[in-house]
Amino acid sequence: MKLDFSGLESSAPLYGGNNGLLCDGFSDAPSFDLPVTSDFDGFQKNSIQMVKPAKGTTTLAFIFKEGVMVAADSRASMGGYISSQSVKKIIEINPYMLGTMAGGAADCQFWHRNLGIKCRLHELANKRRISVTGASKLLANILYSYRGMGLSVGTMIAGWDEKGPGLYYVDSEGGRLKGTKFSVGSGSPYAYGVLDSGYKYDMTIDEAAELARRAIYHATFRDGASGGVASVYHVGPTGWTKLSGDDVGELHYSYYPVEPAIVEQEMTEAIVA
Amino acid sequence: MECVFGMVGKGFALVVADTSAVNSILVHKSNEDKIMVLDSHKLMGASGEAGDRAQFTEYVQKNVALYQYRNGIPLTTKAAANFMRGELATALRKNPYMVNIVLAGHDKETGPSLYFIDYIATLHKVDKAAFGYGSYFALSMMDRHYHPNMTVDEAVKLADQCIEEIRSRLVVAPQNFVIKIVDKDGAREHSWRRTTKD
């Protein structure tokens, strides 16, 4: 049994070896043999279960007057162990489009890179940039075709195209939603609370960045699987720029500085007779 | 938690759907339009798994359009319903689509019609249909108050009663609903019933 990798194919055939009189010139889809087990369905189910709880992260993105604000934490956890505090969860697909990572790191990185390739090919073939709608649809169709096979991807595609700012949520169950405000990951309910209460369409870039940073901070405060550094990016008409990357521990003390406590009674040395 | 229901009136058919896009306990969006305009005189309200819903309904929409380009005439509602059921049935024992559909259409010769299409490829031509947890409340409301040849106002009033019942009795009721209508002048959005602004 072989998996179908037609989603990975580039348009040019990779091998010429199969061309012959009997062949119509199309090479086989690249594939590899699956592991030999007595219970393949159980193996597949177990690998899906292993990946499922792994959306331990907080990412958010929202559209406002000046473009799209994208923010994420940087912690990677495996159960109770923090494996890294410095994971890049905002992936630069191309100079005017960003993707966020939640779920399996390898899945997100690989498929975003693949999406970047497809976007560039579209640009070369059509002499114009691909829209955010088109890019998100490409990714959603690929993820839909791998549905049920254990991919774990919860991503937002944010960009600026001819129609202005665009934001889509795409996940490995095949869902794709167009919207103005999303948060994905285990810390997302906490982030939504801060985001919803502070959101206004008319914000300056600085105000929006502060809202995004604050929402990530509050999510990392309450969610054990989120932490590290709160990165904030802005996507404007000329592309994306990284605005800040602040350690959430330091953010905590800048938002809630330690007041010196009023001492009611000082202890004094006991007088030894 | 998704609610889709519909009914046939005098010269028109109505489809009502909730507009929430939910992921376990999180509401990602509360203005997601789940009633697709299949062609000028057909409406398709769909509920089910996220990816399947969008992919299957778009697949059907494009195939219906292709038929019209190839043959110069649009499909009848009955033909579209049978096409959909055939696709669901073929996929059922390989890679099933988990989508439930209420198809409403208006044909010049036969007037308005409503079809109930299940995720296991059941097909029924009906006067009223409902899917989801909301169906427990909407079906009995419609059974009680529906009568053939209702006017648009009567049907919308019945739809409102169903929505009120869902809102008050369903434990996690959807926030907003959209009502769409199809009659001899075509398929169009009728109105929204909102409790939240998005």
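How many salt bridges does the rule find across the interface of chain A and chain B? In this predicted model, the rule finds three of them between the two chains.

## Interface between chain A and chain B

One salt bridge joins A:K137 to B:E58, with 2.7 Å between the closest N and O atoms. Polar contacts between chain A and chain B, counted with both residues at pLDDT 80 or more, come to eight residue pairs. On the side of chain A that touches chain B, at least two residues each are supplied by α3 (132–145), β8 (164–171), β9 (176–178), β10 (181–184) and α4 (188–198) of chain A. The largest share of that side, four residues, belongs to α3(A).

The size of an interface is often given as the accessible area lost when the parts come together. Here chain A and chain B bury about 1200 Å² between them, and carbon and sulfur atoms give 48% of that area. In chain A, the residues that lose the most area to chain B are A:Y144, A:R147 and A:L177, which together account for 37% of what that side buries. Chain A brings 19 residues to the contact, and chain B brings 14 residues.

## Nonpolar cores

The largest nonpolar core contains 39 residues, and B:F5, B:M7, B:L14 and B:M142 have the most contacts inside it. Two or more residues of this core come from each of these elements of chain B: β1 (4–8), β2 (12–18), β7 (99–107), β8 (111–117), β10 (128–131), α3 (135–145), α4 (152–169) and β11 (177–183). The largest share, seven residues, is given by α4(B).

Leaving aside residues up to four places away in sequence, B:M142 touches B:F5, B:G6 and B:M7, as well as B:K128, B:A129, B:A130, B:L158 and B:C162. Another core lies apart from the largest one and has 23 residues, including A:I91, A:C108, A:I142 and A:Y168.

## Cysteines

How many disulfides are there over all chains? The count is zero. A:C119 is in no disulfide, and the nearest cysteine sulfur, that of A:C108, is 16 Å away. A:C119 has a relative accessible area of 1% and is therefore buried.

Key
Residues are numbered from 1 along each chain as its sequence is written. Chains are lettered from A and ligands numbered from 1 in the order in which they are written. This is a predicted model: local features need pLDDT of at least 70, side-chain atom pairs count only at pLDDT 80 or more; totals for chains, interfaces and linings use all residues. Side-chain values use heavy atoms; hydrogens and water are left out. A nonpolar core is a set of buried Ala, Val, Leu, Ile, Met, Phe, Trp, Tyr and Cys residues joined through side-chain atoms within 4.5 Å. Buried means under 20% relative accessible area, exposed over 50%, partly exposed in between (1.4 Å probe, protein chains only). Contact means heavy atoms within 4.5 Å. A disulfide is a pair of cysteine sulfur atoms within 2.5 Å. Buried area is the accessible area (1.4 Å probe) that two parts lose on being put together, summed over both. A salt bridge is a side-chain nitrogen of Lys or Arg within 4 Å of a carboxyl oxygen of Asp or Glu. A polar contact is a pair of N or O atoms within 3.5 Å; within protein, one must be able to donate a hydrogen and the other to accept it, and residues adjacent in sequence count only if both atoms are side-chain atoms.
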